[in-house]
Amino acid sequence: MNSLIKAENLSVRHGDTVVLSGVDFAIRKGEIVTVVGPNGSGKSTLIRALIGLEAAATGRVTRSPGLAIGYVPQKLHIDAGLPLTVRRFLSLPRRVCDAAAEAALTRTGVPGLGTRPLARLSGGQFQRVLLARALLTRPDILILDEPTQGLDQPGTAAFYHLIEEVRAETGAAVLMVSHDLHVVMAASDRVVCLNGHICCEGAPKVVSAAPEYRALFGLGTGGAFALYRHMHDHDHEADEGHGHDPSAPHAAHPHPLHGPNCTHDHV
C-alpha cells in the first residue's frame with residue numbers, strides 16, 4: 001500500500017547533537033499511529049521533520065503529491081490581551097464560511113463557541129478548537145503533537161475517542177505523539193517506540209510486550225487505559241456500526257465536517 005508520508009534512514013541534528021538517527025517510518029491511509037518515548041527522545045523532532053519544519057541531516061522524507069495535512073501543535077501561546085475570537089481563529093490562515101466553521105466546532109464537541117475569545121477557553125475547549133481548525137483543511141492525515149497536555153484523565157480519554165470517530169468518518173490517517181501510554185495502547189492501530197531511533201514498533205499488544213518498551217516505561221497499567229475502554233465500549237453500545245477493529249477497512253461515513261458548501265465568508 002502506498003504511504004502518505006515516508007521517512008528513509010532519517011537523521012536530524014540540532015547543532016552537534018544527533019537527535020534522531022536512522023529512522024525508517026511510514027504511515028498509510030486510515031491508520032492511527034502513535035509515537036511514544038521518554039522526554040528528549042526526538043518525538044516532536046520526528047513530527048516536525050515529517051511535515052517539513054526540520055531539515056534532514058541524512059536520509060529523506062517523501063510525502064504523497066497533494067497531501068493535505070491537518071496539524072495540531074504541542075503548544076500554541078495565545079496572548080490573553082489579543083482580541084481574537086474562535087471564529088476568526090478558524091479562518092487563519094485561510095478563510096472558511098460560517099457554516100463550515102460551526103460544523104467543525106460541532107463535530108469536535110464545542111458548538112457555539114465562535115464568539116468566545118480564544119484566550120478564555122478551557123484547556124479541553126482549546127484543544128478541540130485546534131482540532132476543528134485542523135479538520136477544516138479536509139486532511140488526508142491528522143498530525144497531533146501531544147494534543148492532551150494539561151487535560152485530566154476523562155478529558156484525555158474523551159479526546160482520543162473523538163480522534164477515533166473522526167478517523168472512522170473521514171478516512172484520514174492519524175499520527176500522534178503522546179505520553180498517555182495506556183490510552184494510546186487502546187486507541188492506536190500501530191505504536192512506534194522512539195528513543196533517538198526506533199526501538200520497536202508494531203501493534204499495541206506486540207509493542208507493550210517488547211523488552212525495549214518495558215525497559216523505557218516499566219510494567220504499570222495506570223487508570224487511563226481502563227477509563228478509555230469504559231468510555232469506548234459504552235459509547236459504541238449506543239452507536240452501533242463503529243466497531244473497533246483496526247484490521248477491518250475503515251468505511252467512508254458521510255462527512256459532516258465537509259458538509260456545508262460555502263458561498264461567502266463572514267469573518
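This is a predicted model: local features need pLDDT of at least 70, side-chain atom pairs count only at pLDDT 80 or more; totals for chains, interfaces and linings use all residues.
1. Start with the cis peptide bond. The link from leucine 92 to proline 93 is cis, and its omega sits near 0 degrees. If you want to find the spot, proline 93 is in the loop between helix H2 (86-90) and helix H3 (98-107).

2. Next, have a look at asparagine 9. Its phi is near 50 degrees, which is a positive value in a residue other than glycine. This asparagine 9 is part of strand E1 (residues 3-14), and it is partly exposed, at 45% relative accessibility.

3. Arginine 138 also deserves a glance. Phi here is near 50 degrees, again positive in a residue other than glycine. Arginine 138 belongs to the loop between helix H4 (123-135) and strand E6 (141-145). With 46% relative accessibility, arginine 138 counts as partly exposed.

4. Now the sheet that holds E1. Three strands make an open sheet in the order E2-E1-E4, and the pairing is antiparallel. Strand E2 (17-28) and strand E4 (58-63) are the edge strands, each pairing on one side only. From one strand to the next, the twist averages 15 degrees. E1 and E4 are joined by five bridges; serine 11, for instance, has threonine 58 in E4 as its bridge partner. Helix H1 (residues 43-50) packs on this sheet and touches E1, E2 and E4, with its direction at about 125 degrees to that of E1.

5. On to charges. Side chains of opposite charge can pair when their charged atoms come close. How many salt bridges does the model have? The count comes to nine.

6. One of them pairs arginine 28 with glutamate 31, with 3.2 Å between the closest N and O atoms. Arginine 28 is partly exposed at 28% relative accessible area, whereas glutamate 31 is buried at 11%. There's a network here too: salt bridges link Arg28, Glu31, Arg190 and Glu201.

7. Another salt bridge runs between glutamate 54 and arginine 48, whose closest N and O atoms are 3.5 Å apart. Arginine 48 is partly exposed, with a relative accessible area of 32%.

8. Last, check glutamate 165 and arginine 107, a salt bridge with its closest N and O atoms 3.1 Å apart. Glutamate 165 lies in helix H5 (residues 153-170) and arginine 107 in helix H3, so this pair ties together parts that are 58 residues apart in sequence. Are these two buried or partly exposed? Glutamate 165 is partly exposed at 22% relative accessibility, while arginine 107, at 14%, is buried.

Technical notes. Residues are numbered from 1 along each chain as its sequence is written. Side-chain values use heavy atoms; hydrogens and water are left out. Helices (H or I, at least four residues) and strands (E, at least two) are DSSP runs, numbered from the N terminus. Buried means under 20% relative accessible area, exposed over 50%, partly exposed in between (1.4 Å probe, protein chains only). Two strands pair if DSSP finds at least two bridges between them. Axes are lines fitted to C-alpha atoms, for helices over the stretch in contact, and angles run from 0 to 180 degrees between N-to-C directions. Contact means heavy atoms within 4.5 Å. A salt bridge is a side-chain nitrogen of Lys or Arg within 4 Å of a carboxyl oxygen of Asp or Glu.
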